[in-house]
Amino acid sequence: MQKEKPMNELPVMNEQEGIVLFHPHVPARAIDEVTNVLQSRWIGQGPRVAQFEKEFSKRFAGAGSSIAVGSGTDALHLAYILAGLKAGDEVIVPVFTCTATNIPFLYMDVHVRFADVDPETLNIDVNHVRQLVSDKTKAIVCVHYGGLPCDMDELHAVAKEFNIPIIEDAAHAPGATYKGKVIGAISPFTMFSFQAIKHITTGDGGMLTLQDPTLVSKAERIRWFGIDRSNKQKGTWENDITEVGYKYQMTDIGAAMGLCSLHEFDDILGHRQKLMEGYKKGLRGAQGIKLIGADTTDRTHAAWLCTALVEANRVGFMHALRNKGIESGQVHYRNDRYSIFGGRRDDLPHMDAIEDRYMVLPLHTKMTLEQVDYICEVIKQGW
Ligand SMILES: Cc1ncc(COP(=O)(O)O)c(C=O)c1O
């Protein structure tokens, strides 16, 4: 099959030109809260970070704990260290995700084995995971693509059989649930991202929820060079550093923003889900296009991305939208296209089949349902 041409001629759109793909959500109160922090003694990691962790745990960690960090990528790297992964180990990871899911493994010299996508959801294909797993596998990483939870029961069954942890990348999925359980409380490690355009943003930031209480103080030390800060703050400090940590912490400036978004999280999530429903309704019966993950009943979608598969001519589709003032894009790409991961694989048939067909439609809190209706009407006119 001939590969489609790159879309260089579609530059990033600005808001004056129409409906943009993403827009950050910054609560009005955040401006005052950040100002308060800036006028206080703590602008780095201080009491706001501790409060953010506590409140985040209440909502997303079940009986577990939360560790606030400087990015979702930090949270993943920290999770991989806490899971005991080391050079030479092998992990099963999704091929279709942000590169951030897999790049920490390159620092750690951990060997990634890419699993294919489930073509119905674009989440990791559990059947392929089953084919790849072996005694060499030390962890399975899954990404709740777009905000739709993966098949967690099936993944946990594999993990249990091989006595290995599941690490969830929930960058897209705060507020999603799987069989009534909140994402963040299901697996030993779950990562969230607060990068600029996520449900909750701290500018950049992330959170790692942990279900094993014995890992919490280790996580806190590794987040800060390996130093036990609570000991350090007692005034005299004679402790050794016995673990290699890094600087993964969140600042109180970011935490002040995060707390404001957390306090209005129901509205943020509700608005996004309402827009997603609008797309579902508006595109029902539309020719040549199918929404991804629209028809699940045992899990709820956090509505970060509205992704569709177009039957043909994706470039034409994107141009038709752009001509009507609508931005669209791909957002993530198969990771094996990047040389750093060792080159393109030929054992991922589902990924091959959707690679030139998937695309992402605008979805953010600055949008209205009327705009979603307009987009659906434009799509129904064809391309
Ligand atoms: C699936 C996924 N994983 C990880 C990340 C990395 O998070 P961050 O940008 O906060 O480091 C992102 C996006 O940013 C993502 O979309």
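Buried here means under 20% relative accessible area, with exposed over 50% and partly exposed in between (1.4 Å probe, protein chains only). Strands (E, at least two residues) and helices (H or I, at least four) are DSSP runs, numbered from the N terminus.

Before you go on, a word on what's loaded: this is a predicted model, where local features need pLDDT of at least 70 and side-chain atom pairs count only at pLDDT 80 or more, while totals for chains, interfaces and linings use all residues. Residues are numbered from 1 along each chain as its sequence is written, and side-chain values use heavy atoms, with hydrogens and water left out.

Now show the side chains of strand 10. In a regular strand, side chains alternate between the two faces of the sheet. Here Gly 206, Leu 208 and Leu 210 sit on one side, Met 207 and Thr 209 on the other, and all are buried.

Strand 1 (residues 65-69) runs antiparallel to strand 10, joined by five bridges; two strands pair if DSSP finds at least two bridges between them. Look for Ser 65, whose bridge partner in strand 10 is Leu 210. Strand 9 (residues 189-193) is also antiparallel to strand 10, again with five bridges, and there Phe 192 has Met 207 as its bridge partner.

Stay with Leu 208 and Leu 210, and bring in Tyr 80, Leu 85 and Phe 105: these have the most contacts inside the largest nonpolar core, which has 46 residues. Such a core is a set of buried Ala, Val, Leu, Ile, Met, Phe, Trp, Tyr and Cys residues joined through side-chain atoms within 4.5 Å. Helix 3 (residues 72-82) gives the most to this core, six residues in total. Click on Leu 85: leaving aside neighbours within four places in sequence, its contacts (heavy atoms within 4.5 Å) include Tyr 80, Val 91, Phe 105 and Ile 167. A second, separate core has 38 residues, among them Ile 124, Phe 194, Leu 269 and Ala 302.

What lies around the ligand? Of the 17 residues around it, Gly 72, Thr 73, Asp 169, Ser 193 and Lys 198 come nearest; a residue is near if one of its heavy atoms lies within 4 Å. A ligand oxygen atom is 2.8 Å from a polar backbone atom of Gly 72. A ligand nitrogen atom is 2.6 Å from a side-chain N or O atom of Asp 169. For Ser 193, the distance from a side-chain N or O atom to a ligand oxygen atom is 2.7 Å.

Zoom out and colour by domain. An automatic or database assignment sets the bounds: domain 1 (15-24 + 265-380) and domain 2 (29-263). Their C-alpha centres lie 25 Å apart, and 39 residues of domain 1 are in contact with 44 residues of domain 2.

Next, select strand 15 (residues 358-361). Tyr 358 and Val 360 on one side and Met 359 and Leu 361 on the other are all buried. Strand 13 (residues 306-310) pairs with strand 15 in the antiparallel sense over four bridges, with Ala 308 partnering Met 359.

Last stop: an open sheet of three strands in the order 8-7-12, with antiparallel pairing. Strand 8 (181-182) and strand 12 (299-300) are at the edges with a single partner strand each, so one side of each has no neighbour in the sheet. Finish on Tyr 178, whose bridge partner in strand 12 is Arg 299.

Definitions and conventions:
A polar contact is a pair of N or O atoms within 3.5 Å; within protein, one must be able to donate a hydrogen and the other to accept it, and residues adjacent in sequence count only if both atoms are side-chain atoms.
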